[in-house]
Amino acid sequence: MSIDIKKIIEKYSIPSNEYEMFGNDSIKIKPNIESFSKPNGKKLILITAMNATPSGEGKTTIAIALNDAMNLLNDASTILCLRQPSIGPTLGFKGGANGGGKVQIVPKDLIDLGLNGDAFIIETINNLISSMIDNSIYWGNEYNIDLNKIVWKRVIDISDRSLRDIKINIDAKKGLSYNGGFDITAASEIMTIFCLSKTIDEMIERINNIIVAYTKDNQPVYARVFHLENSIRKLMERVFKPNGVFSLNNNLCLMHGGPFANIAHGCNTIIALNTALKYGKYVITEAGFGSDLGMEKFIDIVGQQYMYPDCVVIACSLRSIIQHSNKTGNEIEDIKLGLTNLQQHINNIKAFGVNFVVAINKFTNDSEESINFLSNWLNEQNIPFALCDGFNLGAAGAVDLAKKVIDESNKPCTIKPIYKVTDTLENKIKSIVNRAYGLHNIVYLDQAKEKLVKFNNLPYYVCMAKTPLSLSTDPKNLIYNPEDEIVIQDIIIANGAQLIIPICQGIFRMPGLPKQPNASK
């Protein structure tokens, strides 16, 4: 199917001076930075999920199908906002994040392999700070930096476990070296700051507040000492404009920013949402992984600083439900056990006080008996739901879901975040574990205990770094058990982003490649 970009832009009434072509297949749109309150009558819809299989469960497919279906019902009423895929997982295991079947965002290769270069600029700013740290040490160490207390890491958008820990030689002859490493670009604090900033000025101020190291007398060294304001402004001038790409059904998607949800906050830029709300009556966005990760972070981090969703869509499938069971082969019995995972996610969403709809992502081999069992289970609890088959049927396969989402999003609701930013760190973590995960046993390893005391009274938001495969911190604990543990091995501060990040056991901020990576296929 051919995409007539200018015709699509015209139907959304976006003036010609508000966008520019970027190559032949995408656009850059002037960011809306004039008002950050939701216009009257406009609605924000958030897509989340239960804990999925390692391959995901089609959450993005549902988001695209819903966008196409809502535009089918009322043309040019709805705009989708998505995160940009990271090249590392695309060439590794996960693949891209642009839907499938009859509901896709195109051009696929451009999107999967860097889109318009935004992530590269984020990477450049991050590594510029690293080079400035090393350069200041080389030329006399005017900031009295302790080489054993450099906390800023380089980043690269490739999955490469060998880069997690490396030795950096500034000047081997003078003995100027330290132990450092790389994170993946999507885990960079610069990426998070980019996604949370309303203006370039705010982004610069946040970057200036990043703690990059500590002095020999244990005082923080901030990124502001390097005076990078003008360089950042020039680098971000183009990147701050949301990328416009398009569905096969000729609908607009703003794809902007790409933090992971298991190691960062997992939401696209506030700028993209605000720009979409300027032109669309409904805006659909997706938070990474399940309600225990991306959705919790959207409401508690993005929502408390910007705006809350009017409706949440929780994606599930028979495959993901069965994944969280004993997998005995008796499908109905496995579904019964696996529903305990879905139930916890539903409980989590209900506790937030937000209206919601369950979207059952239909796979071709799903049995009618199992679909009926799941449907009856939802009906018995008076939970609004819809079967979604956008993959095979396109927009038509999500019309029922679209109608229910529109209905729920127009009902009043009062959102209740899990914590207040002024709560102690210990209480914030406890509240997230209790409510979002349905668990109560929290174990702090020694390094985390020290940091808990150090950061306990900072009025920052909490961004849990945890496996997406389980409600616990053990990715093998697929069956929900309220006695499972949350083990926290470290706690780090992202001072510019105003986040405290508890690192749960088994989490790496630089992924590794699988045995047979996609890059070899």
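This is a predicted model: local features need pLDDT of at least 70, side-chain atom pairs count only at pLDDT 80 or more; totals for chains, interfaces and linings use all residues.
**View 1. What lines the second largest pocket.** The pocket itself has a volume of about 1,100 Å³. Its lining counts 42 residues, and the closest to the pocket centre are Val151, Lys153, Asp490, Ile492 and Arg509.

**View 2. Which elements build that lining.** Strand 22 (485-494) is among the elements that each supply at least two residues to the lining of the second largest pocket, and with six residues strand 22 gives the most. Other contributors of at least two residues include strand 7 (145-150), strand 12 (211-215), strand 23 (499-504) and helix 17 (446-455). Helix 6 (189-196) is on that list too, so let's look at it next.

**View 3. Helix 6, tucked in.** Eight of the eight residues of helix 6 are buried, so the rest of the structure largely encloses this helix. The buried residues run Glu189, Ile190, Met191, Thr192, Ile193, Phe194, Cys195 and Leu196.

**View 4. The largest cavity.** The structure has one cavity of 30 Å³ or more, and the largest cavity holds about 60 Å³ of space. Met191, seen above as a buried residue of helix 6, is part of the cavity lining, along with Gln84, Pro85, Ser86, Ala119, Asp157, Thr185, Ala186, Gly257 and Gly258. By class, that lining comes to four nonpolar, five polar and one charged.

Conventions: Residues are numbered from 1 along each chain as its sequence is written. Side-chain values use heavy atoms; hydrogens and water are left out. On a 1 Å grid over the protein atoms alone, a cavity is a set of points where a 1.4 Å probe fits but cannot get out, and a pocket is an open set with protein on both sides within 12 Å along at least five of seven lines; lining residues have an atom within 4 Å of a point. Grid points are joined across faces, edges and corners, and a volume is the space filled by probe spheres set on the points. Helices (H or I, at least four residues) and strands (E, at least two) are DSSP runs, numbered from the N terminus. Buried means under 20% relative accessible area, exposed over 50%, partly exposed in between (1.4 Å probe, protein chains only). Ala, Val, Leu, Ile, Met, Phe, Trp, Tyr, Cys and Pro count as nonpolar, Asp, Glu, Lys and Arg as charged, and the others, Gly among them, as polar.
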